[in-house]
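Subject: Structure handover

Hello,

Please find the structure below, followed by notes on what was found in it.

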2 protein chains.
Amino acid sequence: MRGWDFSVPIDPQAGVPLFAQISRVIAADIRRGRLRPGDVMPGTRTLARTIGVNRNTVIAAYDDLAAEGWITAENGRGTFVSRVLPDPRPRRFAAITAPSAVADTGAFDLADGIVVDACPSDVEAPYNLAGWPDLRLVPTRALARAWRRSIERRGRHVLSYGPAGGHPRLRAALASMLSAARGLAIDASHLLVTRGTQGALAVIAHGLMRTGDVVAIENPGYSRARQVLSMTGACIVPIPVDAQGLSIDHLAAVAEEQPIRAVFVTPHHQFPTTVTLSTARRVRLLELARQHRFAIIEDDYDHEFHYDGRPILPLASADSSGNVVYVGSLSKTLAPGLRLGYIAASRRVIAHLLEYRSLLDTQGDQVLEAAVAELLEDGEVQRHVRKVRRIYHARRDAMAALLKSELGDAVSVTLPVGGTALWIRVAADVDIQQWSRMAAAQGVIFDIGDRFSFDGRPVPYIRLGFAGLREPELAEAVQRLAATLTAARSRTSPPALPERTAVDDLTAAS
Amino acid sequence: MRGWDFSVPIDPQAGVPLFAQISRVIAADIRRGRLRPGDVMPGTRTLARTIGVNRNTVIAAYDDLAAEGWITAENGRGTFVSRVLPDPRPRRFAAITAPSAVADTGAFDLADGIVVDACPSDVEAPYNLAGWPDLRLVPTRALARAWRRSIERRGRHVLSYGPAGGHPRLRAALASMLSAARGLAIDASHLLVTRGTQGALAVIAHGLMRTGDVVAIENPGYSRARQVLSMTGACIVPIPVDAQGLSIDHLAAVAEEQPIRAVFVTPHHQFPTTVTLSTARRVRLLELARQHRFAIIEDDYDHEFHYDGRPILPLASADSSGNVVYVGSLSKTLAPGLRLGYIAASRRVIAHLLEYRSLLDTQGDQVLEAAVAELLEDGEVQRHVRKVRRIYHARRDAMAALLKSELGDAVSVTLPVGGTALWIRVAADVDIQQWSRMAAAQGVIFDIGDRFSFDGRPVPYIRLGFAGLREPELAEAVQRLAATLTAARSRTSPPALPERTAVDDLTAAS
């Protein structure tokens with residue numbers, strides 16, 4: 001032992017088991033050379049006595065060290081520090097000194113880049129009115145328990161490669177939810193699990209869009225959808241939205257002029273305006289798709305959050321031709337950080353898309369998929385949705401009342417029938433950009449209408465999320481909005497009224 | 001109460017808390033109409049007595065029901081079944097009868113599809129020799145604990161939107177591992193977390209490759225890399241591999257003829273041949289990249305699993321020009337099902353790629369990323385790697401011995417210095433396809449050389465993974481290989497010797 005002292009500092013109170021504490025101390029002594037290759041280790045009985053623990057604890061520590069290769073038991077001769085230690089120092093393959101940091105110049109040219117629309121709502125702020133769900137309400141315990149069960153009971157299976165379309169239990173649970181609650185006549189074979197809505201749209205873009213294809217999209221609309229749907233070369237045509245949703249007259253006119261490949265719609269609560277696509281337009285849209293043979297990409301991102309009257313079933317529930325490619329997500333239902341979404345469509349479309357999904361990222365995270373499947377099977381997700389729907393409903397009403405009382409005639413508030421945000425018309429004498437900057441400086445973040453415009457025309461609206469904050473927090477946020485509004489209003493002279501904006505259609509028709 | 005009987009069947013032994021059992025029974029009774037909107041609920045004291053539980057249990061059940069909207073307490077008047085029940089039945093927007101299933105015909109045309117190379121190794125089988133890690137060894141408990149801590153301590157944060165490049169702790173932990181163990185002079189700003197290697201290559205393809213770009217790739221090589229790197233229109237040029245790895249002479253000749261955009265290499269243990277790129281070739285490859293200004297995509301997929309002598313540092317450790325885009329993954333280190341990989345490169349490349357990552361799937365799963373960061377910080381991952389490296393080392397030796405003794409002259413086995421599989425030359429009189437089919441029928445799955453060929457030339461090799469199975473399992477698998485070999489050898493007449501094959505270079509040079 002050449003003087004290795006047996007003093008192994010252990011702490012029975014520490015969270016780490018005793019044997020692991022012992023083995024770590026010994027491994028560290030080997031690593032730093034206090035114990036050297038070939039040194040004999042003390043007997044387990046001796047060491048146990050010296051440090052005052054049960055001998056079995058020392059045996060467990062030695063087993064652990066042996067498994068990791070630090071020590072080797074030689075039959076009948078005792079236990080020794082291994083001659084070949086784990087973690088051999090790797091060798092450089094050339095006499096090149098390591099650069100102090102990877103150089104940023106002198107290298108290959110980069111292709112033309114892109115800049116993805118960064119939501120101001122990505123910013124962390126005390127009062128983020130981005131329209132996110134309240135993540136404090138997520139049943140994290142149930143989720144953590146289900147995750148543990150998933151990995152412990154089915155570990156070998158879920159940790160391995162699996163089907164590109166998602167864990168079979170999650171596909172089945174989602175299909176059964178969509179068929180029971182949203183009227184889709186589907187089973188698991190019509191469904192593909194994705195990395196949230198964005199992942200779903202990426203798969204759809206790769207599977208369906210080719211250079212030069214025309215894709216119609218709502219304006220104002222969801223800019224990340226516009227960007228991802230055009231990433232494989234499609235040409236995007238914005239179609240105006242009014243108080244009844246997407247203008248089908250406008251879409252029909254475009255379809256008469258040129259073949260269109262697909263239309264992207266958010267019919268339940270249009271993003272960002274929150275309007276619902278009217279019944280008459282739904283029927284016409286489905287007819288138009290049949291007539292011109294284009295795909296309808298229906299993004300039903302917050303189906304559950306409908307407060308007034310009965311929710312409307314998705315287009316996909318009435319699609320007898322297989323033209324609807326339905327996209328949903330658990331980002332609002334549970335949490336955006338989980339990145340769980342799905343595509344429901346005809347079997348031929350799903351089979352086609354599966355290959356692209358496989359190429360883009362192989363498969364999803366099966367541990368998580370199986371865990372969430374369990375929560376759906378047990379009704380946990382449904383219970384959570386019911387609970388938060390009531391809470392969001394109350395927050396919507398509270399927020400609307402606060403805005404009316406605190407912001408007065410600067411805004412004109414219409415209650416949305418559903419969703420997680422209010423779409424608010426702002427008076428012409430308010431400098432919205434300025435207001436948004438000043439509010440941000442006070443910790444209040446919100447989206448402004450211009451961000452959602454695809455044709456450059458001003459959109460004199462703001463979008464204020466109410467779901468993510470408790471009522472007293474909403475009150476504080478609105479106080480700060482009111483405080484900054486005054487400055488944004490008085491500092492600038494009233495701008496000339498914009499001519500006719502994209503969403504005047506909205507006011508005109510309502 | 002109009003006759004609602006109070007009989008609430010409860011089971012104190014069930015895993016579900018009593019209050020939840022009670023509230024579920026009552027909710028179900030409301031849902032099926034045995035309790036109707038406006039009905040008065042029994043007092044908590046009465047109900048507690050009737051079903052024989054503590055009154056507080058009933059109070060908790062009522063609170064739960066009220067939170068979900070099933071019942072409403074009216075001040076001083078009692079508790080009633082809510083007049084507006086949760087989950088209103090959604091309405092159809094048109095008098096369209098639901099199709100019995102989404103139609104698969106008569107819809108929009110699909111674009112030309114692709115077929116992604118389906119590994120035979122995706123098949124579940126008793127003896128899958130795909131070269132996967134042994135998932136029974138994964139520290140699932142530590143992982144589940146870390147996941148729970150991640151979601152419970154940082155829930156609101158990790159469940160939300162976050163940086164597209166990955167959770168900051170994971171970026172930092174990976175950067176520090178790569179700089180300590182693999183000689184990369186990087187910090188977190190040089191690193192981007194991805195969905196495994198496939199996700200990393202998809203991001204790289206979108207960020208760097210444009211239609212018509214030439215990308216050189218090892219042949220035989222990794223077919224999913226070939227497919228994903230060409231998905232944005234790049235033209236793939238296969239470059240032969242011999243016993244010293246990628247032929248740099250061949251690559252240099254190609255680069256003289258035409259500009260090449262990038263070369264894809266697996267220098268540590270080439271996939272599938274397991275050969276290590278020689279020192280001289282490494283130096284020449286880096287020089288060639290500087291001279292012709294192309295990117296080197298270095299896929300170091302199983303760095304840790306090196307058994308003989310010291311591992312060799314990656315090309316990225318000696319890249320002073322910023323030409324190496326380094327790709328790694330935790331698929332072999334921990335488990336493929338977690339889908340965690342990363343790209344390390346110069347800051348300008350990372351900033352460029354981040355936008356594409358964001359467009360493709362927004363961000364990773366931060367709960368998991370923070371959990372794995374914790375395991376890296378605590379040294380859990382490193383301990384796991386040390387442990388399994390010893391085990392795989394022993395399995396490699398056992399497998400090689402078994403093959404020699406059981407398969408005799410039908411195969412010629414060379415020990416690989418690292419990795420998780422053996423690359424084995426098969427005698428000319430064996431019908432490899434036939435052997436593989438017959439072995440599969442006996443539950444033994446392995447990859448055959450032709451799958452890895454990009455120029456159509458036969459590759460008379462098979463790849464046998466040894467890492468995923470215990471030694472007795474390997475013995476049984478080899479027994480079955482031996483049993484089926486006889487038939488695959490005798491049934492067919494020896495085929496004419498193939499001319500010169502892609503990997504005869506291998507034998508020639510060794």
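To begin with one pairing in chain A, Asn219(A) has Pro240(A) as its bridge partner in strand 6 of chain A. This is a predicted model, in which local features need pLDDT of at least 70 and side-chain atom pairs count only at pLDDT 80 or more, while totals for chains, interfaces and linings use all residues. Residues are numbered from 1 along each chain as its sequence is written, chains are lettered from A and ligands numbered from 1 in the order in which they are written, and side-chain values use heavy atoms, with hydrogens and water left out.

Chain A, strands 5 and 6

Strand 5 (residues 214-219) of chain A pairs with strand 6 (residues 235-242) of chain A in the parallel sense, over six bridges. Two strands count as paired if DSSP finds at least two bridges between them. Helices (H or I, at least four residues) and strands (E, at least two) are DSSP runs, numbered from the N terminus. Six of the six residues of strand 5 of chain A are buried (under 20% relative accessible area; exposed is over 50%, partly exposed in between, with a 1.4 Å probe and protein chains only). In a regular strand the side chains alternate between the two faces of the sheet. Here Val214(A), Ala216(A) and Glu218(A) point one way, and Val215(A), Ile217(A) and Asn219(A) point the other way.

Chain A as a whole

Chain A has 16 helices and 16 strands. Of its 510 residues, 60% are buried. Among contacts in chain A with a separation of 6 or more, 73% are between residues 24 or more positions apart; contact means heavy atoms within 4.5 Å.

Thr57(A) is in helix 3 (residues 55-68) of chain A. Thr57(A) counts as buried because its relative accessibility is 17%. Leaving out residues up to four places away in sequence, Thr57(A) touches Leu18(A), Phe19(A) and Ile22(A).

The two copies

Chain B, Arg282(B)

Arg282(B) sits in helix 10 (residues 279-292) of chain B and is buried, at 1% relative accessibility. Beyond its neighbours within four places in sequence, Arg282(B) is in contact with residues including Phe93(A), Pro267(B), His268(B) and Leu315(B). A polar atom of the Arg282(B) side chain lies 2.9 Å from the backbone oxygen of Leu277(B).

Chain B, the four-stranded sheet

Four strands of chain B form an open sheet in the order 12-13-16-15, with antiparallel pairing. Its edge strands are strand 12 (411-412) and strand 15 (447-448) of chain B, each pairing on one side only. Strand 12 of chain B is joined by two bridges to strand 13 (residues 421-426) of chain B, where Val411(B) stands opposite Val426(B).

Cysteines

Zero disulfides (pairs of cysteine sulfur atoms within 2.5 Å) were found over all chains. Cys235(A) is partly exposed, with a relative accessible area of 39%. Cys235(B) also counts as partly exposed, at 39% relative accessibility.

Regards

Methods:
Polar contact = N/O pair within 3.5 Å; in protein donor to acceptor, adjacent residues only side chain to side chain.
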